[in-house]
Every structure is written in structure tokens, then in C-alpha cells.
Amino acid sequence: MKATYQTISSLGLATILTGFTATVYAQQDPLPVPVIIRSQPDNQEPTSKDKPANTQAQPREEQPANTQAQPREEQPANTQAQPREEQPANDEKPTVKKDPFNRELPVRTIPRMSAVEFYNRGVDQLDNGNYPEAMENFKQALQLEPYDPDVNYNLGYVHHIQGNYQEAIDNYTAAIKIKTDYGEAYSNRGYAYFVQKKFIEAIADFSKAIALTPDNDTVYLSRGNAYSEVENYFQAIADYDRALSINPKNAMAYYQRGLTRSKLKQYQAAVADYTETLKIQPTFADAFYKRGLASLDLNKVEDAIQDFKKAADLFQKEGRTENYQEAMEAIKKL
């Protein structure tokens, strides 16, 4: 899945480049789908044939001593016990046909696929990037097991990847209603809310996901982005700090913290964050461009020109023509 982008305007002294913007990553991709292979649906009660072999029989009620046993009806001596017809594993009655000698010839039936089989096929198709087939299999599984949280979650995940965010939210919500501690569902639903610009709902979901998975740096990054969107910049920075304490190699946390510090006109700190970003991800074109803008705000024109040149080169290699033109125009204006 390609990263989602959002346009953020230039800030501070860099407004001499009025009208020029750079695309930045608004959020990371949704969390990987948990591949859960199960032998049977979680909420399926075992049938009588599935009872353990060591189940003890219930004690029989004692009969009064003077109760005489009823005589059993004698069977004819030559009567043989009729063999029981074997039932298929899926309890379906096999179809039969007649041959010229009037013998019944069973015809083996094809067992219906179970919810687990549809689920596992959906996971395979999802891993292979075949999203329409994955969706169809998860829908089939959902018809058979509507209260399975993983089926609901995975169906939401497929909608999410295809950009159907409201449908994804609906499925994530169903998964959460069934499994109230489903951290991945809260996190991904928060992401979908974020894309819909429902930042308060996104913050609530990210907060719930953090409570369930406190060592997940990605969720802190996501909540920081949402806080930044509602201009709660100090809380956003606190979340980026927490993400980096968990994973010091999280380039996006450095980058997003740099953007937030630029909004607070903390340009020197922003330059430092962009520099850390580029140490981890040296071909991050947007980080070069944003560092160039922050350098302009610090009156470091030569540094800004070098960063704009590097950004333009990377934008061109990535085929991002509009961004390439913006970087080149920025250089010409200096």
C-alpha cells in the first residue's frame, strides 16, 4: 500500500516562497493483518461427536428392588443387525442413484467449505495482494461466522487498503464490539478516522490502542499526528518523544516532530529532527525540502539551497514532477 500524503504549507521566513508546498507523509500504513490460522471457529460449541473420549456416563437411577424387569421381545434367530450407514463428516446426507440391479450406489458429496477455510483462503489472498478475492472469501466466512472478530477485522483491513474508509470503520467497529481489547482494530479505525479528518475520534481510538499496546511506537506516532492536526502541538511532541523512546530508529517520528517544531517556530530544533530523519532514511526527499525551509527561517541560505537541490534530485527520480518543480522554483527565488 502506498503511503498517504498530505500537503503542508511553508512556514515562517520561508513564506518568501509563497505558494510552494511539499508533500509529507500524513500517516503510516495500517498495521499488518494478524494471520491467525485456527482449526475451528473460536465461538463454535462442540457437537456431541466432539465430546472428549473420557466423558463419564451419568449414573443411572436405581430401580426399586421389587421392580421386575420387563421381558424383552425375542428377535428371530436369523435376524442380523443391519449395518449403520456411515454419515459424511459434514452431516450431509449423500445422494444416491440406482443401478440396473436395484442396488443403492452412494455418490460421494463435496463437503461445504467452513468459515475457517474461507478465512484462511482470504488470508492467503491478502498476503498475495489479491484484494477482491480476499474480500470475497472474508465475506463468505462472515456469513458463516458473523461474530468472529478476526474475520470482521480482516474484512475491514481489505476495505482500508482499497480506500473504502467508512466500510473499514464499520468492520473495525464490529470487531471491537466482539473483542473489546482488539488493539489493532482500535489503531486502524483511528487511522481511518484520521483520513476522514475526524481527528477527535482518531485521538480517542489511538488512546485506547495505546492503553492496550503501550509499547507500540506506531500508535504514538499516529496520535501525535492527530494532535498536531488539532493544533495541540505540545501533546503531539510528547507523543513523538514517546515513540522515539520506544524505537529510536523511527524516521517518521523525527520527521513529524520536525514539522511540529517548525509550526512552533522552533527552527533550530526542527533542523535537528530533519537531520536525524535523514540519518535513518537518507533518500527522504521531503525531509531535505523541509530542512531547507527551516534553514531559510534561520537565514542559512546556502544550507537551504543545498537541501532544495538534493530534494529536487530525489523528487525527479521518484517521478514527483510537481514537487521537483517547486524545489527548482525555490532555488531560483534565492
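**Rings and helices**

Colleague: Is Tyr 255 buried or exposed?

Modeller: Buried means under 20% relative accessible area, exposed over 50% and partly exposed in between, with a 1.4 Å probe and protein chains only. Tyr 255, at a relative accessible area of 0%, is buried. Phe 284 is also buried, with 2% relative accessibility. Across the 334 residues of the protein, 43% count as buried. Please note that this is a predicted model, in which local features need pLDDT of at least 70 and side-chain atom pairs pLDDT 80 or more, while totals for chains, interfaces and linings use all residues. Residues are numbered from 1 along each chain as its sequence is written, and side-chain values use heavy atoms, without hydrogens or water.

Colleague: How many aromatic pairs does a search of the whole structure find?

Modeller: Rings of Phe, Tyr and Trp (its six-membered ring) pair if their centres lie within 6.5 Å; planes under 30 degrees apart are stacked, over 60 edge-to-face, the rest tilted. The search finds 9 such pairs. One of them joins Tyr 255 to Phe 284, tilted at 35 degrees with 4.7 Å between centres. This pair links distant parts of the chain, 29 residues apart: Tyr 255 belongs to helix H9 (residues 251-263), and Phe 284 to the loop between helix H10 (267-280) and helix H11 (285-297). Helices (H or I, at least four residues) and strands (E, at least two) are DSSP runs, numbered from the N terminus; the protein has 13 helices and 4 strands.

Colleague: What are the geometry and the setting of the pair formed by Tyr 289 and Phe 308?

Modeller: Their ring centres are 5.3 Å apart and their planes stand at 50 degrees, so this pair is tilted. Because Tyr 289 is in helix H11 and Phe 308 in helix H12 (residues 301-317), the pair ties together parts 19 residues apart in sequence. Tyr 289 is buried at 1% relative accessibility, and Phe 308 at 0%.

Colleague: Which residues form one aromatic cluster?

Modeller: Tyr 153, Tyr 157, Tyr 172 and Tyr 182 do.

Colleague: How do helices H4 and H5 pack?

Modeller: Two packed helices are described by the angle between their axes and the distance between the axes. Axes are lines fitted to C-alpha atoms, for helices over the stretch in contact, with angles from 0 to 180 degrees between N-to-C directions. Helix H4 (residues 165-178) and helix H5 (residues 183-195) pack at about 155 degrees, with axes 9 Å apart. H4 and H5 are therefore roughly antiparallel (over 145 degrees; under 35 is roughly parallel, 65 to 115 roughly perpendicular, the rest oblique).
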